[in-house]
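Thanks, everyone. Stop me at any point.

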Amino acid sequence: MLYLKHSLTTYTEAQLQRDLQRLPQWRREKALRYRHFSGQAQCTLSYILLMEALDKEYNITGLPTFVENEHGKPSLQEYPDIHFNLSHCHSIVACAVDNAPVGIDAEDLGRYSECVARYCMNDDEMSQIGTSDIIFTRLWTQKEAVFKLQGTGIRDNIKDILLPQNLTNIKIMTEEHLEEGYILSIARYTQ
């Protein structure tokens, strides 16, 4: 299931202070390590969104503890059979929960950089992109969602991760929310 929180621009300092009190100590400390309000808010809201999803989908009302694999992919210490992934950008906070591994990435539009594109896109992808921020962001979210699904972090094969031979048993769904200014991709294994 996919859970989203929009309207981050209306989230206030008072709401952040209230919501920080809802977090376990380790997550509160992580949120407060961000220097800017937006990072603190996104970190806080992503955990709260996960809590809401766990309550609705699994009737879990406690404060889950994350454990991370060697590449930083979190899982729930108390519920190893429940899988989730979080993503946030200035436009949205997103949470996917499932009974199988899942990867999600959301990115704001307007971040196209030819230098970054040349680093992470192969020649075919570069010809698709041209200078299109939308195509670049779509491909970027797809790549990151796959890496997050696999739990490996961004690896050396970033240019080729979307080639068919590297997507065996992986399905990617992409949503373009152009009016809201972001693109979201979710990757799941197929049966």
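N169 is partly exposed, with a relative accessible area of 44%. On that scale, buried means under 20% relative accessible area, exposed means over 50%, and partly exposed is in between, with a 1.4 Å probe and protein chains only. N169 sits in the loop between α6 (133-150) and β7 (170-177). Helices here are DSSP runs of H or I with at least four residues, strands are runs of E with at least two, and both are numbered from the N terminus. The phi of N169 is positive, about 65 degrees, although N169 is not a glycine. Most residues other than glycine have a negative phi.

A word on provenance. This is a predicted model, with residues numbered from 1 along each chain as its sequence is written. Local features need pLDDT of at least 70, side-chain atom pairs count only at pLDDT 80 or more, totals for chains, interfaces and linings use all residues, and side-chain values use heavy atoms, with hydrogens and water left out.

Back to phi. N59 also has a positive value, about 55 degrees, and is not a glycine. Its place is in the loop between α3 and β2 (66-68). N59 counts as exposed, at 62% relative accessibility.

Now the helix packing. How do α1 and α3 cross? Helix α1 covers residues 13-20 and helix α3 covers residues 37-58; their axes come within 10 Å and cross at roughly 45 degrees. The axes are lines fitted to C-alpha atoms, for helices over the stretch in contact, and angles run from 0 to 180 degrees between N-to-C directions. That makes α1 oblique to α3. The cut-offs: under 35 degrees is roughly parallel, over 145 roughly antiparallel, 65 to 115 roughly perpendicular, and the rest oblique. The crossing of α1 and α3 is left-handed. Left-handed means that the near helix is turned anticlockwise from the far one by less than a right angle; right-handed means clockwise.

Which residues meet there? From α1, we have E13, L16, D19 and L20. From α3, we have F37, Q40, A41, T44, L45 and I48. Contact means heavy atoms within 4.5 Å. By class, that contact of α1 with α3 has six nonpolar, two polar and two charged residues. Ala, Val, Leu, Ile, Met, Phe, Trp, Tyr, Cys and Pro count as nonpolar, Asp, Glu, Lys and Arg as charged, and the others, Gly among them, as polar.

Next pair. Helix α2 (residues 25-33) and α3 have axes that come within 7 Å and cross at roughly 155 degrees. So α2 and α3 are roughly antiparallel to each other. Their crossing is right-handed. W26, R27, K30, A31 and L32 in α2 meet Q40, C43, T44, S46 and Y47 in α3. That contact divides into five nonpolar, three polar and two charged residues.

T44 turns up in the contact with α1 and in the contact with α2. Is T44 buried or exposed? T44 counts as buried, at 0% relative accessibility. Setting aside neighbours within four places in sequence, T44 is in contact with Y11, L16, D19, L20, L23 and A31.

C43 counts as buried, at 1% relative accessibility. C115 is in no disulfide either; the nearest cysteine sulfur, that of C120, is 9.7 Å away. C115 counts as exposed, at 63% relative accessibility. C120 is buried, with a relative accessible area of 1%.

Stay with C120, in helix α4 (residues 114-120). C120 and D160 are 40 residues apart in sequence, and 8.6 Å apart in space, C-alpha to C-alpha. Beyond four places in sequence, C120 is in contact with E125, F136, W140, K143, I158 and K159.

Last stop: I186, in strand β8 (residues 182-189). I186 is buried, at a relative accessible area of 2%. I186 and V146 are 40 residues apart in sequence and 7.9 Å apart in space, C-alpha to C-alpha. Leaving out neighbours within four places in sequence, the contacts of I186 include L2, V102, G103 and I104. A145, K171, I172 and M173 are also in contact with I186.

Note on methods. Disulfide = S-S within 2.5 Å.
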